[in-house]
Amino acid sequence: MTFPRHRYRRLRYSEPLRDMVRETHLDPADFIAPLFVVPGAGVRQAVPSMPGVDRTSADLAGVDASELFSLGVKSVILFGIPDHKDATGTSSADPEGPVCEAIRAIKAASPQTVVITDICLCEYTDHGHCGVLKGQYVDNDPTLEILAREALTHVQAGADIVAPSDMMDGRVAALRDTLDREGHVHIPILSYAAKYSSGFYGPFREAAESAPSFGDRRSYQMDPANVREAVKEVLSDIEEGADMVMVKPAMTYLDVVRAVKEVTNVPLAAYNVSGEYAMVKAAAQNGWIDGKRVTLEILTSIKRAGADLILTYHAKEAAQWLG
Ligand code: PBG
C-alpha cells in the first residue's frame, strides 16, 4: 500500500522544503564560457545567430574574462579566427595569433581565470576540415604533429588546459608526448572524446568561419546513432592520458553523458553547443518560451545527467541569474 500513506507532494509544499531535497545544484563554477577571438584591438562584433555572443579582439577577451570571473565563472575556452588560412593550418601554431594574444591578455586582466584552448585545425585550414587532406580524405597521422604543435604553442603562451576537438585517432597521446617532452608535464588535457557529427554546430561555424568547403565531418566525428562507440572513445582517450573528457553536443546526448559517467572516474564535461543556444534564444525572442526558465532547466538537466562541467554560451547570464 502506498497511497494515502505516501504523499510525495509533502516534500514539494514550500520553496524551502523543495530547496532541502533538491538533488542537483548549478554553480557558476560549473560553467566554461566559450570566447571567440579575432585579430586586432578594440574589436567587438556581434554573432547574428547567437544573440549575446561576440567575437572580440584579445584585449576585450581580457575584459570579458575578468567580468565572468567576478560572476563566479572561473574558466573560459578560446576559439581563434586567424587572418591567414592555408592547406595545413600553419597559423594554428602562430605565437602571435589571436588565441595566444588572448591568453596573454586574459592572464594580465584576470590571472586566476583558467584558460582552456580548443585544439583543432578547422579554423586555420583554407578547406575548413579539422586535419590535413590526402585528396578528399582527412589524413589522420600527419595531422597529429600539427595539432601537437598548436597545443604546445598555446601552452607556451600560458594556456592552463588544452582541449583537442578534431576527433583524429591518437591525438591525446600525441599531445601528451609533446607536452611532456617539452617539460609541460603539469598541463591537463580535456579531450572532446565523444564528439558527434552534428547539425547543431551551424552557428559556431558562422562565428568561427570554420565550415568545411566540401563534404562534411562524418569520416572523423561520430555518428549520432552510436552510444557504445562513445564509451569506447572515452575509455581509450583516458588510457592515452586525457585528464578530463567531454561529450558534445549536450542536450540531445544526455544518454551519452550518463553512459560515460557510469564507466569513468575523471571529470566529465558536456558542451551545450551553438545550435542549442540559438534555438533557445530564437524562441525566447519570439516570446514562445521563457528564456531564463528554459535555460536554467536545460543546464540543470545536463548536470543531472552526470556532467561535472558545462561549456555554455549561457555562462554569463546564467551566473547572473544564479547570483
Ligand atoms: C572544432 C569545434 C567545433 C565546435 C567546437 N570545436 C565545430 C565543429 O566541429 O564543426 C562547435 C561548438 C558549437 O557548436 O558551439 N574546432
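How do the residues of the lining of the second largest pocket divide into nonpolar, polar and charged? The lining splits into 11 nonpolar, four polar and seven charged residues. The model behind these values is predicted.

## Second largest pocket

The second largest pocket has a volume of about 400 Å³. Its lining is made of 22 residues. Leu35, Gly52, Val53, Tyr313 and Lys316 lie nearest the centre of this pocket. Five elements are listed as giving two or more residues to the lining: strand S1 (31-38), strand S3 (54-57), helix H2 (58-70), H9 and H11.

## Largest pocket

The largest pocket holds about 510 Å³ of space. It is lined by 15 residues. Nearest its centre lie Arg22, Glu23, Thr24, Leu296 and Thr300. By class, the lining has five nonpolar, three polar and seven charged residues.

H1 and helix H10 (291-305) each supply at least two residues of this lining. H10 gives the most, with five residues.

## Cavities

The count comes to three cavities of 30 Å³ or more. The largest cavity has a volume of about 110 Å³. It is lined by 16 residues. Cys122, Ser165, Lys195, Phe204 and Lys248 lie nearest its centre. Strand S9 (190-195) and helix H6 (202-208) are the elements that give two or more residues to the lining of the largest cavity. That lining divides into seven nonpolar, three polar and six charged residues.

## Around helix H1

Helix H1 spans residues 15-21. Glu15 and Arg22 meet through their side chains in a salt bridge, at 3.7 Å from N to O. Glu15 counts as partly exposed because its relative accessibility is 39%. Arg22 is also partly exposed, with a relative accessible area of 37%. A network of salt bridges links Glu15, Arg18, Asp19 and Arg22. Arg22 is also one of the residues nearest the centre of the largest pocket.

Val21 lies in H1. Its relative accessible area is 39%, so Val21 is partly exposed. Together with Leu11 and Met20, Val21 forms a nonpolar patch on the surface. The accessible area of the three together is about 310 Å².

## Other salt bridges

How many salt bridges does the count come to? It comes to 20 salt bridges. One of them joins the side chains of Glu317 and Lys281, at 2.8 Å from N to O. This pair links distant parts of the chain. Glu317 is in helix H11 (residues 315-322), and Lys281 is in helix H9 (residues 274-285). The two are 36 residues apart.

Are Glu317 and Lys281 buried or exposed? Glu317 counts as buried because its relative accessibility is 16%, under the 20% cut-off. Lys281, at 16% relative accessibility, counts as buried too. Another salt bridge joins the side chains of Asp166 and Arg171, at 3.3 Å from N to O. Both Asp166 and Arg171 are buried.

Leu175 sits in helix H5 (residues 171-181). Leu175 is buried, with a relative accessible area of 0%. In sequence, Leu175 and Ile189 are 14 residues apart. In space they are 8.2 Å apart, C-alpha to C-alpha.

Met167 is in the loop between strand S8 (161-164) and H5. Its phi is positive, about 70°, although Met167 is not a glycine. Met167 counts as buried because its relative accessibility is 4%.

## Backbone exceptions

Where else is phi positive in a residue other than glycine? Glu209 has such a value, near 50°. Glu209 lies in the loop between H6 and helix H7 (228-240). At 40% relative accessibility, Glu209 counts as partly exposed.

One joins Phe3 and Pro4, with omega about 5°. Pro4 lies in the segment before H1. The peptide bond from Lys248 to Pro249 is also cis, with omega near -5°. Pro249 lies in the loop between strand S10 (244-248) and helix H8 (254-263). Lys248 is among the residues nearest the centre of the largest cavity.

Key: Residues numbered from 1 in each chain as written. Predicted model: local features only at pLDDT ≥ 70, side-chain atom pairs only at ≥ 80, totals over all residues. Heavy atoms only, no water. 1 Å grid on protein atoms, 1.4 Å probe; cavity = no way out; pocket = protein on both sides within 12 Å on 5 of 7 lines; lining within 4 Å. Points joined across faces, edges and corners; volume = space filled by probe spheres on them. Helix = DSSP H or I, 4+ residues; strand = E, 2+ residues; numbered from the N terminus. Nonpolar A, V, L, I, M, F, W, Y, C, P; charged D, E, K, R; others polar. Patch = residues over 30% accessible without salt bridge, like charges linked within 9 Å, V, L, I, M, F, W, Y side chains within 5 Å. Areas by Shrake-Rupley, 256 points an atom, 1.4 Å probe, with all protein chains shown as cover. Salt bridge = Lys/Arg side-chain N within 4 Å of Asp/Glu carboxyl O. Buried < 20%, exposed > 50% of the residue type's maximum accessible area, 1.4 Å probe, protein only.
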